Amino acid sequence: MAKMKTTVGVVAGIFNGEGKLLLKRRTEHDSITNIDYAGNWELPVVAVQETERESIPYNYLYRELVRGVREEIGARIDVGWETMLDFYSVMFKGPQGYDLAMITVIPPQCVVQEELKAVTKFVSVDELNQLAREFISL
């Protein structure tokens, strides 16, 4: 029996002090679903780099999240050792195997915005719902 191929991504739900969620405008045309999502708004998603380990420990996911968010949008995450972020997993079938998204919420006091590298905006729940309705109707 062939081994299942799994792609792992870490998704950052970054909130500001007003309870709004950070979205970035996607510029990449490629995706794991082979659909062009360029121009759409999305949460910052970081592909976890390959590792030779048999399992992926918490601190590896955390380091990948910090590295990727800084590279992707230019924000530094600084949680500190007294706080552990919760990762929630979502698995779905992709075109070449299974994809695993590890989703975490980043509180505003843990984000230091430096020079943002991407087009971003903070949205309320209502604005997020409207963006989702627009996306579905495409």
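## Asp 86 and its loop

Asp 86 belongs to the loop that links β5 and β6. Setting aside neighbours within four places in sequence, Asp 86 is in contact with Ile 103, Thr 104 and Val 105, where contact means heavy atoms within 4.5 Å. Between Asp 86 and Tyr 58, which are 28 residues apart in sequence, the C-alpha to C-alpha distance is 9.6 Å.

This is a predicted model, in which local features need pLDDT of at least 70 and side-chain atom pairs count only at pLDDT 80 or more, while totals for chains, interfaces and linings use all residues. Residues are numbered from 1 along each chain as its sequence is written, and side-chain values use heavy atoms, leaving out hydrogens and water.

## The chain as a whole

The chain holds 2 helices and 9 strands (DSSP runs numbered from the N terminus, with H or I over at least four residues for helices and E over at least two for strands). Along the sequence these elements follow the pattern β-β-β-β-α-β-β-β-β-β-α.

Of the chain's 138 residues, 33% count as buried. Contacts between residues at least 6 apart in sequence include 61% that join residues at least 24 apart.

## A three-stranded sheet

An open sheet is formed by 3 strands in the order β3-β2-β9, with antiparallel pairing (two strands pair if DSSP finds at least two bridges between them). The edges are taken by β3 (41-42) and β9 (120-123), each with a single partner strand, so one side of each has no neighbour in the sheet. Strand β2, residues 21-25, pairs with β3 over 2 bridges in the antiparallel sense, and Arg 25 stands opposite Trp 41 in β3. On the other pairing, 4 bridges join β2 to β9, again running antiparallel.

Helix α2 (residues 125-136) lies across β2, β3 and β9 and runs at about 115° to β9; axes here are lines fitted to C-alpha atoms, for helices over the stretch in contact, and angles run from 0 to 180 degrees between N-to-C directions.

## Lys 24 in strand β2

Of the 5 residues of β2, 4 are buried, so this strand is largely enclosed by the rest of the structure. Lys 24 is found in β2, and with a relative accessible area of 3% Lys 24 is buried. The bridge partner of Lys 24 in β9 is Thr 120.

Beyond four places in sequence, Lys 24 touches Asn 40, Trp 41, Glu 42, Glu 72, Ile 73, Ala 118, Val 119 and Thr 120. Take Ala 118 from that list: this residue and Lys 24 are 94 residues apart along the chain, yet their C-alpha atoms are separated by 6.5 Å.

## The nonpolar core

In soluble globular proteins, nonpolar side chains tend to be buried together. Here the largest nonpolar core has 23 residues, of which Ile 14, Leu 61, Leu 65, Val 69, Ile 73 and Ile 106 touch the most other members (such a core is a set of buried Ala, Val, Leu, Ile, Met, Phe, Trp, Tyr and Cys residues joined through side-chain atoms within 4.5 Å). Two or more residues come from each of β1 (6-14), α1 (58-73), β5 (75-77) and β7 (97-106). Helix α1 gives the most, with 6 residues.

Ile 14 touches Lys 20, Leu 21, Leu 22, Pro 44, Val 69, Ile 73, Ile 106, Val 111 and Phe 122, not counting residues up to four places away in sequence. Arg 63 also lies in α1, but counts as partly exposed at 42% relative accessibility. The C-alpha atoms of Arg 63 and Val 48, 15 residues apart along the chain, are 9.5 Å apart.

## The largest pocket

The largest pocket has a volume of about 1,100 Å³. On a 1 Å grid over the protein atoms alone, a pocket is an open set of points where a 1.4 Å probe fits, with protein on both sides within 12 Å along at least five of seven lines, and lining residues have an atom within 4 Å of a point. Grid points are joined across faces, edges and corners, and a volume is the space filled by probe spheres set on the points.

This pocket is lined by 33 residues, and Arg 26, Tyr 37, Glu 42, Leu 43 and Val 45 lie nearest its centre. At least two lining residues come from each of β1, β2, β3, β4 (45-47), β6 (88-94), β7 and α2. The largest share, 5 residues, is supplied by α2.

Methods. Buried < 20%, exposed > 50% of the residue type's maximum accessible area, 1.4 Å probe, protein only.
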